[in-house]
Amino acid sequence: MADFTSDIAIARAASKKPIMEIGARLGIPSEHLLPYGHDKAKVSAEFIAASKGGRDGKLILVTAINPTPAGEGKTTTTVGLGDGLNRIGKKAMICIREASLGPNFGIKGGAAGGGFSQVVPMEDMNLHFTGDFHAITTAHNLLAALIDNHIYWGNELNIDIRRIAWRRVMDMNDRALRAITCSLGGVANGFPRETGFDITVASEVMAILCLATDLKDLEKRLGNIIVGYRRDRSPVFARDLKADGAMTVLLRDAMQPNLVQTLENNPAFVHGGPFANIAHGCNSVVATTTALKLADYVVTEAGFGADLGAEKFFDIKCRKAGLKPDAAVIVATVRAMKMNGGVKKDDLAAENIDAVRKGCANLGRHVQNVKKFGVPVVVAINHFVSDTEAEIQAVKDYVATLGAEAILCRHWAQGSAGIEDLARKVVELAESGQAQFAPLYPDDMKLIEKIETIATEIYHAGEVIADKSVRDQLRQWEEQGYGHLPICMAKTQYSFSTDPHLRGAPTGHTVPVREVRLSAGAGFIVVITGEIMTMPGLPRTPSSEKIFINDQGQIEGLF
Ligand SMILES: Nc1ncnc2c1ncn2[C@@H]1O[C@H](COP(=O)(O)OP(=O)(O)O)[C@@H](O)[C@H]1O
Ligand SMILES: O=COP(=O)(O)O
Ligand SMILES: [Mg+2]
């Protein structure tokens with residue numbers, strides 16, 4: 001009897017089909033699939049270019065309520081829904097992000113889904129996969145090296161070494177690298193200065209790869225990266241250092257989406273990996289737009305809760321790529337509802353109907369928010385074994401009062417057999433013609449007003465606090481021609497507010513803007529609020545302690 005007690009055991013027992021067969025089902029000829037082994041392949045840039053034009057399938061976003069630290073099953077539900085749609089006879093595929101090694105060895109674990117709704121090979125996908133994150137790390141750090149090298153050799157560009165915006169990255173949670181002093185050790189090592197590392201998924205190079213439409217666009221965006229400023233505050237670009245060509249070379253293969261399959265042999269594009277608290281948190285534009293040409297239904301995810309991932313999916317990715325989503329699924333779990341209802345993490349398994357009812361305010365807020373974008377919504381209750389009938393009924397009853405439907409989904413335990421109802425509801429919504437997508441704010445709105453619009457309309461804040469230096473900086477970027485850019489809010493994923501402990505549906509709170517950063521390459525303004533980390537730390541007991549290779553040479557401990 002196969003061991004189905006862990007994600008990795010289930011994944012290992014998968015009966016995978018050759019990846020060429022999965023591609024053939026999508027109409028991708030084998031000559032346009034670059035195999036990485038028998039179960040992974042990259043899609044050729046030529047095929048992607050040739051697939052442009054023509055009819056698009058329906059686009060479904062999977063988002064969630066504010067999560068517990070473990071996550072509420074967006075990726076698991078994205079995979080399950082893709083399998084469910086295929087089970088009811090639809091030609092569907094999924095588009096998810098790649099996993100960062102940071103959370104893998106930290107708290108959160110991988111990003112391949114879970115239970116009987118996973119993409120496989122989950123070990124590869126959660127570790128080095130096809131090398132995309134290593135390429136992004138290297139391209140990012142090449143630029144960092146070129147900056148310090150330029151300064152070492154005389155600083156012809158007059159970069160103000162107190163105003164270098166470009167840090168280094170590593171795909172690992174390492175708080176020791178957040179703030180460092182580089183170039184110590186004397187003249188031969190250059191000019192000492194303070195800098196630090198962010199995690200690779202927070203890199204602007206990651207965001208650029210996920211928003212670029214092809215290699216030429218990628219190179220242009222890389223060239224537009226602002227690495228720092230001169231004393232007169234004029235920006236210095238990556239192209240001034242002639243870095244864009246070499247960075248594009250390093251990213252050439254990473255630009256091509258990765259094709260894998262679900263446990264039920266349905267196709268999946270896995271590409272890009274920005275987090276949605278410090279970046280925009282979506283699968284790449286190239287993967288999603290290509291998938292829409294190959295399948296009648298494309299299910300994709302956006303990170304963390306709808307206040308972050310969904311808002312950025314709509315206001316950044318859809319706006320820039322001209323995507324029109326047809327339906328949205330908001331994943332709710334009884335455990336997260338209880339946490340939003342004030343229950344401590346350690347008490348979430350005990351039945352607590354009152355807390356579920358209290359936590360419904362958080363779900364209700366997310367339902368109303370997604371509807372503001374003109375996208376019809378259905379709630380997916382991602383069933384956990386600890387859920388009771390009464391708790392589930394409480395969620396269903398509440399959602400009915402919103403004029404929406406909450407559907408119990410058992411895909412984690414049963415795969416596609418456990419999510420047919422949601423699949424049918426999603427088809428009904430996507431085909432209903434109800435969707436009238438529009439971003440939350442127009443391009444020509446003032447930058448500070450865009451921030452205020454997100455804070456009040458999505459977070460239900462009372463005010464945004466931004467001191468004069470931030471407001472002046474935003475005005476200066478408007479004068480320099482960046483005023484049309486969308487906003488990428490860097491905020492805690494645990495709350496609508498910037499206080500990670502303020503659960504539920506707070507109203508009238510204050511959103512303090514600590515810092516703003518111009519991602520001129522990605523084409524958005526990052527607004528850092530509260531104490532958000534761009535280099536997370538490891539927990540007291542890192543998951544890495546349970547990861548090893550067993551006597552049969554198999555990897556254990558990934559989840
Ligand atoms: N219904 C469920 N029952 C038990 N564990 C689940 C369930 N759904 C998801 N998980 C587990 O919870 C973790 C988070 O799931 P994931 O899909 O990655 O969430 P998200 O994408 O929202 O962060 C994973 O380890 C996954 O295996
Ligand atoms: O950006 C965060 O993604 P998850 O919510 O899937 O962890
Ligand atoms: Mg996920």
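A backbone N or O atom of F304 lies 2.7 Å from an oxygen atom of ligand 2, a polar contact (a pair of N or O atoms within 3.5 Å; within protein, one must be able to donate a hydrogen and the other to accept it, and residues adjacent in sequence count only if both atoms are side-chain atoms). Welcome to a predicted model, in which local features need pLDDT of at least 70, side-chain atom pairs count only at pLDDT 80 or more, and totals for chains, interfaces and linings use all residues, while side-chain values use heavy atoms, with hydrogens and water left out. Residues are numbered from 1 along each chain as its sequence is written, and chains are lettered from A and ligands numbered from 1 in the order in which they are written.

**How confident is the predictor?**

- The protein chain has a mean pLDDT of 96, and 99% of its residues reach 70 or more; pLDDT is the predictor's confidence in each residue, from 0 to 100.
- For the complex, the predictor gives an ipTM of 0.99 and a pTM of 0.97.

**Around ligand 2**

- K74, T75, R97, K108, F275, A276, G303 and F304 are the residues around ligand 2, where a residue counts as near if one of its heavy atoms lies within 4 Å.
- The side chain of K74 has an N or O atom 2.8 Å from an oxygen atom of ligand 2.
- K108 also takes part, with a polar side-chain atom 3.1 Å from an oxygen atom of ligand 2.
- Taken alone, ligand 2 exposes 240 Å², and the protein buries 89% of that; accessible areas come from the Shrake-Rupley method with a 1.4 Å probe, and for residues only the protein chains shown count as cover.
- This shell divides into 3 nonpolar, 2 polar and 3 charged residues. Here Ala, Val, Leu, Ile, Met, Phe, Trp, Tyr, Cys and Pro count as nonpolar, Asp, Glu, Lys and Arg as charged, and the others, Gly among them, as polar.

**Around ligand 1**

- Ligand 1 has 16 residues around it, and K74, T75, T76, K108 and H383 come nearest.
- A nitrogen atom of ligand 1 is 3.0 Å from an N or O atom in the side chain of N382.
- On its own, ligand 1 has 560 Å² of accessible area, and the protein covers 89% of it.
- Helix 4 (74–87) and strand 5 (113–114) each supply at least two residues of this shell; helices (H or I, at least four residues) and strands (E, at least two) are DSSP runs, numbered from the N terminus.
- Helix 4 gives the largest share of the shell, 3 residues.
- By type, the shell around ligand 1 holds 4 nonpolar, 8 polar and 4 charged residues.

**Strands that pair**

- Strand 4 (residues 92–96) is largely enclosed by the rest of the structure because 5 of its 5 residues are buried; buried means under 20% relative accessible area, exposed over 50%, and partly exposed in between (1.4 Å probe, protein chains only).
- Both faces of strand 4 are covered, with A92, I94 and I96 buried on one side and M93 and C95 on the other.
- Strand 4 pairs with strand 15 (residues 297–301) in the parallel sense over 4 bridges, and two strands pair if DSSP finds at least two bridges between them. M93 stands opposite V298 in strand 15.
- Strand 14 (residues 267–270) also runs parallel to strand 4, joined by 3 bridges, and I96 stands opposite V270 there.
- In strand 3 (residues 58–64), 6 of the 7 residues are buried.
- Strand 3 is joined to strand 15 by 5 bridges, running parallel, with I60 opposite V299.
- Strand 3 also pairs in the parallel sense with strand 16 (residues 327–332) over 5 bridges, where the bridge partner of A64 is V331.

**Two helices to look at**

- Why is helix 8 (residues 204–211) largely enclosed by the rest of the structure? It is enclosed because 8 of its 8 residues are buried.
- At the start of helix 8, a side-chain oxygen of S203 reaches to within 2.9 Å of the backbone nitrogen of V205.
- Helix 7 (residues 132–152) contains I136, which counts as buried at 0% relative accessibility.
- H150 is found in helix 7 too, and H150 counts as buried at 17% relative accessibility.
- A polar atom of the H150 side chain lies 3.2 Å from the backbone nitrogen of E156.
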